[in-house]
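Hi,

Here is the structure for you to look through. Please open it first, then read my notes below.

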Amino acid sequence: MDIKYEKILEEAQENWINKQIEIDRKKEYEDNIIDILEDEIYEGEYKEGMKNGNGYFKWFDGSAFEGTFRMNNIEGKGKYIWSDNRQYNGEWKNNQMNGFGVFTWPDGRKYEGMFVDNKKHGLGEYVYADGRKYKGMWSAGLQNGKGVFYNPKTKEWKEGIWENGKKVE
């Protein structure tokens, strides 16, 4: 066989092998891809070209979410950290806090309880930065219904009724 022909055949085989390795690698990672677009990063699972399954997304402003995605939406359980260090760890539906979760602020405030459409709603406990506490019902983000209030200075719990965030009884 001609040496020139052998060299061409050898290069063709090497190119074919390299192409097969590239295809295999692409298949191996096709469900766990990293996208970097204009300072936004997504690392996680895809389905039908959409974020789907477990993943991590970081927005250009520094906010980040780690948890479950469903068809490009935050859905299921996960932790969101805003660029100002507020944090929510809990249940999500359609990109909104829905279900049980814990929301914390950098100044020490904390809410633990139920959320509906990004608002405190249902049973929950809010702890103020100075140690005061409210445990009770919430509606559309405000204290509403029966609850108890704790004052750390007097170490007393007081029961009451709240409407639209204000104690009325």
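Start with Asp84. Asp84 is partly exposed, at 40% relative accessible area. (Buried means under 20% relative accessible area, exposed over 50%, and partly exposed in between, with a 1.4 Å probe and protein chains only.) Arg86 is partly exposed too, at 25%. The two form a salt bridge, with their closest N and O atoms 2.9 Å apart. (A salt bridge is a side-chain nitrogen of Lys or Arg within 4 Å of a carboxyl oxygen of Asp or Glu.)

A word on the source: this is a predicted model, where local features need pLDDT of at least 70, side-chain atom pairs count only at pLDDT 80 or more, and totals for chains, interfaces and linings use all residues. Residues are numbered from 1 along each chain as its sequence is written, and side-chain values use heavy atoms, leaving out hydrogens and water.

How many salt bridges are there by this rule? The count is five. Asp107 and Arg109 make one of them, at 3.0 Å from N to O. Asp107 is partly exposed at 44%. Arg109 is partly exposed at 25%. Glu125 and Lys135 also pair up, at 3.5 Å from N to O.

In soluble globular proteins, nonpolar side chains tend to be buried together.

Best wishes
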